[in-house]
Amino acid sequence: MLLPDTAPETDLVEVVRITARPDSGAVVGDVLEIRVEEQARQVLDLVSELPGGELHRCFAPAYGVRAHSSTDLLFEIAFCFRCHGALVLGPGVPSGLRGLQGFDPDSGPGRELLDLFRACAATPGE
């Protein structure tokens, strides 16, 4: 999956359980976990390894990520594992990359990313 050019600037990734459809141009939800430095890069590596896939129609994302530099929000991605869609948003996303991308949720990286989201959701918050 294509990530914005700002991805290497990421210092922190919020793993989010989405609570509202991202119609407002933002990933809205509860932060399940915050990953920094190497852990943040591991999350983005998984996302970048997602192969493309055929989009279906539902787009009801359950999980997402917010990538931050040391000072700013870089980009957000909302994932729907049912319709194979990933909505890429945010100030660090060029217009040609902004929007819905198809991905293969049954691929190795897709399954691993969903497992990561589920593990974060199962971890009691502070």
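# Reading a predicted fold, one residue at a time

Q: Where is the place of Val-16?

A: Val-16 sits in strand β1, which covers residues 12–20. Strands (E, at least two residues) and helices (H or I, at least four) are DSSP runs, numbered from the N terminus. Keep in mind that this is a predicted model, where local features need pLDDT of at least 70, side-chain atom pairs count only at pLDDT 80 or more, and totals for chains, interfaces and linings use all residues. Residues are numbered from 1 along each chain as its sequence is written, and side-chain values use heavy atoms, with hydrogens and water left out.

Q: Is Val-16 buried or exposed?

A: Buried means under 20% relative accessible area, exposed means over 50%, and partly exposed lies in between (1.4 Å probe, protein chains only). Val-16 has a relative accessible area of 0%, so Val-16 is buried.

Q: Which residues is Val-16 in contact with, leaving aside its neighbours within four places in sequence?

A: Contact means heavy atoms within 4.5 Å. By that rule, the partners of Val-16 include Val-27, Val-31, Leu-32, Tyr-63 and Arg-66.

Q: How many aromatic pairs does the structure hold?

A: A pair of aromatic rings is described by the distance of the centres and the angle of the planes. Rings of Phe, Tyr and Trp (its six-membered ring) pair if their centres lie within 6.5 Å; planes under 30 degrees apart count as stacked, over 60 as edge-to-face and the rest as tilted. This structure holds six such pairs. In one of them, the ring centres of Phe-79 and Phe-103 are 5.8 Å apart and the planes are at 90 degrees, so the pair is edge-to-face.

Q: Which parts does the pair of Phe-79 and Phe-103 tie together?

A: Phe-79 lies in strand β4 (residues 73–80), while Phe-103 is in the loop between β6 (99–102) and α2 (108–122), so the pair links parts that are 24 residues apart in sequence. Phe-79 is buried, at 0% relative accessible area, and Phe-103 counts as buried at 0% too.

Q: What kind of pair do Phe-79 and Phe-117 form?

A: Phe-79 and Phe-117 form a tilted pair, 5.7 Å centre to centre with 45 degrees between the planes. Phe-117 lies in helix α2 and Phe-79 in strand β4, so this pair ties together parts 38 residues apart in sequence.

Q: Which residues form the aromatic cluster?

A: Tyr-63, Phe-79, Phe-81, Phe-103 and Phe-117 form one aromatic cluster.
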